[in-house]
Structure formats: structure tokens, C-alpha cells
Amino acid sequence: MRQSPFLHTFSSVLIIAVVAASGAAACADQSSGGGTVTVDRTSPVDEGELPTISLSPAFPNLTFNRPVQVTHAGDGSDRLFVIEQHGRVVVFENNSSVSQFDVFLDIRDRVFMGHNEEGLLSIAFHPQYADNGRLYVWYSAGDRRDRRTVLSRFTVSDDDRNQANPDSEQVLLEVDQPWGNHNGATVKFGPDGYLYVSIGDGGAANDPRNYSQNMQSLLGKIIRIDVNARDEDLPYAIPSDNPFVDDEDAKDEIWAIGLRNVWRMSFDRDNGDLWAADVGQDAWEAVYVITRGGNYGWSRTEGSQPFDSSIELAGDGPMIDPVIEYSHRQGKSITGGYVSRSPSHDKLQGAYIYADYVTGRIWAVRYEDGKVTANREILPGTRRPHVTSFGEDEAGELYLCAFERLDGRGSSDGRIMRIVEN
Ligand SMILES: [Ca+2]
């Protein structure tokens, strides 16, 4: 047994087990719960028409320090923005020959990274960024005795589009963090114009204070807020159709509950579906399609599997099973990706791509009419990067960020890779 510092970044799992032999297969193991498909090496595969892929450096002249997100501003400039976890956002032209980046935002002075799951974790540009220059940032702050995560708005500077103003910070929301791990998080604008944030269960292991099924806590949830308006006493507004606004015992921001640590989630840019990958505890990594008010079961369940039967479910709705899950024979910490709408993809069109940070395995799953119709491990070979995130450029081309080393150490080993169909 050995411990990897970065392993904690997405899960509490301490053990790096010997990973099952390659040639992993997927199957429809309907016995595991509901309609969930369980990826299991012991079962036959239905690969459908899904292709294998190769990864190639998208920007061979650029390396990054712990890159954890790649995204774009949606302003027609075709620039890419990469988050470095210790507290910088860098920006560069979306051109494979680019040889340098600018530092777009540097908030290392207020980012606290006492645990390697802390740091600057996600940003989202306002849908009208071209007009209002606003972006939204989720980062860890405080100190070892008083941890919190912060959702803030920043604004681009007036005279340099490659420079946000670090003094423009407006704090929208702060969430106390009882432990250093499980801080989520992805911030994303939905097709409805509202801002969604995935927030982890607070940390430690096994959700010991049962935050994920506690409707008074934002931990273990996905929240949804309106950043274009303000309610009384709030720096944002609650959308009137949030699922629990009429429940006096529930926080109005809550959109979905029972999640352990959705490190990455994304909206399908074609149909608006919200895909979230929930990092598991000791056994199961799960992919969900998130619905309004949905309860995904943690910590009564881990994925579709029983975890702690003493936990009572919050809310009224039934527990929703994953679209697909894989066991810790396949990986230890899921990194959610995107439904591919990449202009350069053919057979991957419409398939959801996801990865495991620890083993570097990458899969694609096709999900149609509520059923998994194909799933395949798509990256052949054994030399796999440690995928921290997937991201799109303005045209929808898909990329991934990865560390060369599992622990993410070294000042600049991180890269952005292109996903090429074989
Ligand atoms: Ca935490």
C-alpha cells in the first residue's frame, strides 16, 4: 500500500491496487441495480461502433503546472484558458504552434492549497462574456483550521483582453469546508443561463457527518443560481423553478443531491443534458445524467451499489442510478468528460467520454433513450496520462488536461492533449 498525494485530489482512496489486465471489457450487468451498466473485466463487451483513440499534444510548445481545466470564453476570440491549480489562469491562442501564454488571472495570494485537493479548481465565463467581461471562479481559501471554498466573480480589465483584474473580485458564495478533500468542483453555465456548481461532500471518508443527504447543507450537492439578479440579502438570485424553493427545510440553491464529489461535470452542447461523474469511495466510480431535484444516493449507495443502509434519503424522489459505473479493478478516481460534439470526431459523435485519473483508462459510452447501447475503453496501450479534466474550445473540439506523473509533482509536467480517432 502506498499513498499518492494527488490521488487524494479526487478521491479518498488510499490504495493503488494492481490494475486488472488490459483489454478491459464492458457489459450490461443488469443485476447491479436499475438500468445501470457496470463495467467489469469479467464480462463481454458491446463496443458498438465506438473507435479507439490516440492522444497527441495539442500545443507541443506549452507545458503547464498542474493543469486542471481547459476552457474557452465563448467570445469569438478562439482563445483557450487553462487553470493551474495553485491559482493561475493562463490564456493563449488556439493554434498548435503557439509558443507562449499570458497570465490571465493570478490569485495565488488568496488561494489556499493545504491539501492537494484544494486550489483553484474551476472557472466559467459568463454566457455574455463578450459584453460584460465576467467570469466565475471556484477556489479554496482560509487555512488549515478554517477552510472554505469560495465562488467569486472577476471582471476582465478594460484595456487588455488577456488580463483579468484580480482586484475586481466579488464574492458570491462561501462554503465552509470541514476537511481538505472533496471540494468538488465544476462551475458551468447551463443552457438556461443559470450557473451550476458541483460541491463535494466536505471530505474525510464515508461522509461521516452525512452532508450529502442533509438539505441544510450545500455539501454533496449540485447547486443552481442566477448571477444576473439579486435576491434580498443575497449577491445572486434563486431561480424560481429550483426544485426545493418551497421546502422550508432545504437550501434553495440545491438542484441535485446525494453526490460524493463531482469533480467534473459538463453540459451536452447539443441537447443540454448535464453529465456528472461522481468520484467513489472504495469500490465504484459512477457517471450520472443529472435531473432536477434528483437524489443520487450517496452515502446510502456508492454508484448503484449499497454503501450505508443506515442513511436515510433526503427529499421525496427516488434514488437515481448511474448511467454507467466501473469498479476499482478498472480505476480509482473518475474524471468526467463531455459528450463529444467535436468537429474532428466521426464515430465518437454523441458519445460521452470519461476517464480514470489514476489508471489513465479512457472510455466512451453511448446512451440513447435512457439505455446504454455501447461502451468501450478507447485508449489502447498501457502508457496513459493522468487525466485531470476534459474541455472544449469554442468550436466544440475536445481536449484533455493531464499530468505525466500520478502525484502531479514537478513544476511543469502538465499538458493539453487532442483526442484523435483512430
Ligand atoms: Ca473539503
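Two strands are taken to pair if DSSP finds at least two bridges between them, and helices (H or I, at least four residues) and strands (E, at least two) are DSSP runs, numbered from the N terminus. This is a predicted model, in which local features need pLDDT of at least 70 and side-chain atom pairs count only at pLDDT 80 or more, while totals for chains, interfaces and linings use all residues. Residues are numbered from 1 along each chain as its sequence is written. The protein chain has two helices and 27 strands, and buried residues make up 54% of its 422 residues. Here a residue is buried if 20 or more other C-beta atoms, placed from the backbone, lie within 10 Å of its own, exposed if 12 or fewer do, and partly exposed in between.

**Contacts and the nonpolar core**

- Of the contacts in the protein chain with a separation of 6 or more, 57% are made by residues 24 or more positions apart, where contact requires that the two C-beta atoms, placed from the backbone, lie within 7 Å.
- The largest nonpolar core has 116 residues, and those with the most contacts inside it are Tyr-352 and Ile-353; such a core is a set of buried Ala, Val, Leu, Ile, Met, Phe, Trp, Tyr and Cys residues joined through C-beta atoms within 7 Å.
- Strand S26 (residues 398–403) gives the most to this core, contributing six residues.
- Leaving aside residues up to four places away in sequence, Ile-353 touches Gly-337, Tyr-338, Ser-340, Leu-348, Ile-362, Ala-364, Phe-390 and Leu-398.

- Five of the five residues of strand S3 are buried, so S3 is largely enclosed by the rest of the structure.
- S3 and S4 run antiparallel and are joined by four bridges, with Thr-71 standing opposite Phe-81 in S4.
- Gly-76 is found in the loop between strand S3 (67–71) and strand S4 (79–84), and Gly-76 counts as exposed because it has 10 C-beta neighbours inside 10 Å.
- The C-alpha atom of Gly-76 is separated by 9.6 Å from that of Ala-395, although the two residues are 319 residues apart along the chain.
- Asp-78 lies in the loop between S3 and S4 and has a positive phi of about 55 degrees although it is not a glycine.
- With 13 other C-beta atoms within 10 Å, Asp-78 is partly exposed.

**The sheet S7-S8-S9-S10**

- Four strands form an open sheet in the order S7-S8-S9-S10, with antiparallel pairing.
- Its edge strands are strand S7 (120–125) and strand S10 (164–177), each of which pairs on one side only.
- Neighbouring strands of this sheet are turned by 25 degrees against each other on average, direction ignored; axes are lines fitted to C-alpha atoms, for helices over the stretch in contact, and angles run from 0 to 180 degrees between N-to-C directions.
- S7 is joined by five bridges to strand S8 (residues 134–143), the two running antiparallel, and the bridge partner of Leu-120 in S8 is Tyr-139.

**The sheet S11-S12-S13-S14**

- An open sheet of four strands, again with antiparallel pairing, has the order S11-S12-S13-S14.
- Strand S11 (187–189) and strand S14 (254–257) are its edge strands, and each pairs on one side only.
- From one strand to the next, the twist in this sheet averages 20 degrees.
- Strand S13 (residues 221–225) runs antiparallel to S14 and is joined to S14 by three bridges, with Ile-223 standing opposite Ile-254 in S14.

**Backbone geometry to note**

- The peptide bond from Gly-184 to Ala-185 is cis, with omega near 5 degrees, and Ala-185 lies in the loop between S10 and S11.
- Trp-298 and Ser-299 are joined by a cis peptide bond whose omega is about 5 degrees, and Ser-299 is found in the loop between strand S17 (284–290) and strand S18 (301–302).
- Arg-66, which is not a glycine, has a positive phi of about 50 degrees and lies in the loop between strand S2 (53–57) and S3.
- Arg-66 is buried, with 25 other C-beta atoms within 10 Å.
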